[in-house]
Amino acid sequence: MTCQKLLDTYPDRWQDATVHPFLQQCQEGTILAAQFNTWLVQDYQFVLACTRMAACLLSVAPTPHFDVVLGGLGAIKTEILWFQANAARFHLDLAVERQPVCQEYCNFMASLGTQPYALQAVAFWAIEAAYNQAWRGHSPMPQPYTEFGDRWGNNDFSTYVINLAQQADEALAIATPDLERQAESIFLEVARLEREFWQMAYAG
Ligand code: HMH
């Protein structure tokens, strides 16, 4: 099993995870502030939990994989500050309660911390790949959303996602059939949670 095989096996699930009216309406400039702002404050909460997940991933990664994961953590550091700056720009309070879908996604990420490296690596790749695909597929975004599209859709982020896939593939190459099956269901869980996260934002 490889990351590409997962994408090839479940194109519809991946499509649902990465194509959504929320993104289409951002691109058309018709998204409502209540919808966009919901996404922004909830995604900030997501990113905080994702940071902890990346830290767990680093703690079980083989040393040759440190470079890519540390690069990811560095990018997350910038991303957290960027969310804070954008919240200020849109006059949003970031200290909000997590909506149920966001909470579910955060719990899912936290639960991965005790799982074998291969599963954490596949999950982290799928999470980053989903945003890369979603924002890239709806590029370019008009103002004031341009920088949101660029953040996850840019070429460096695409390269980072390819590197994450390579590392996850290496871990999968030595995985047992049972672990492969678990990796598959984790991939599907990420796809489902991504779709529901867009839906949550869209509902405002
Ligand atoms: C919901 N998925 C979600 N938010 C993000 N910021 C990413 C993936 C990428 O880190």
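**Exercise 1. Describe the second largest cavity, giving its space and its lining.**

The second largest cavity holds about 40 Å³ of space, a cavity being a set of points, on a 1 Å grid over the protein atoms alone, where a 1.4 Å probe fits but cannot get out. Its volume is the space filled by probe spheres set on the points, with grid points joined across faces, edges and corners. The structure is a predicted model, in which local features need pLDDT of at least 70 and side-chain atom pairs count only at pLDDT 80 or more, while totals for chains, interfaces and linings use all residues. Residues are numbered from 1 along each chain as its sequence is written, and side-chain values use heavy atoms, with hydrogens and water left out.

Next comes the lining, for which a residue must have an atom within 4 Å of a point. The second largest cavity is lined by Leu57, Val69, Tyr117, Ala121, Phe124, Leu164, Gln167 and Ala168. Helix 7 and helix 9 are the elements that give two or more residues to this lining, where helices are DSSP runs (H or I, at least four residues) numbered from the N terminus. By class, the lining divides into seven nonpolar residues, one polar and no charged; Ala, Val, Leu, Ile, Met, Phe, Trp, Tyr, Cys and Pro count as nonpolar, Asp, Glu, Lys and Arg as charged, and the others, Gly among them, as polar.

**Exercise 2. Describe the largest cavity and state which helix gives the most to its lining.**

The search of the whole structure finds two cavities of 30 Å³ or more, and the largest has a volume of about 110 Å³. Its lining includes Asp43, Phe46, Ile76, Glu128, Trp152 and Glu194. Two or more lining residues come from each of helix 4, helix 5 (66–89) and helix 7, and helix 4 gives the most, with four residues. Sorted by class, the lining of the largest cavity has eight nonpolar and four charged residues, but no polar ones.

**Exercise 3. Characterise the largest pocket by volume, lining and contributing helices.**

A pocket is an open set of points with protein on both sides within 12 Å along at least five of seven lines. The largest pocket has a volume of about 190 Å³ and is lined by 14 residues, of which Gln4, Leu7, Trp125, Ala129 and Val161 lie nearest its centre. Helix 1 (3–9), helix 7 (117–137) and helix 9 (155–173) each give two or more residues to the lining, with the largest share, six residues, coming from helix 7. Eight of the lining residues are nonpolar, four polar and two charged.

**Exercise 4. Classify the ring pair of phenylalanine 36 and tryptophan 39, and locate the two residues.**

The whole structure contains 31 aromatic pairs, that is, rings of Phe, Tyr and Trp (its six-membered ring) with centres within 6.5 Å; planes under 30 degrees apart count as stacked, over 60 as edge-to-face and the rest as tilted. The rings of phenylalanine 36 and tryptophan 39 have centres 5.4 Å apart and planes at 45°, so this pair is tilted. Both residues lie in helix 4 (residues 33–60), three residues apart, about one turn of the helix. Phenylalanine 36 is buried at 2% relative accessible area, and tryptophan 39 is buried at 0% (buried means under 20%, exposed over 50%, partly exposed in between, with a 1.4 Å probe and protein chains only).
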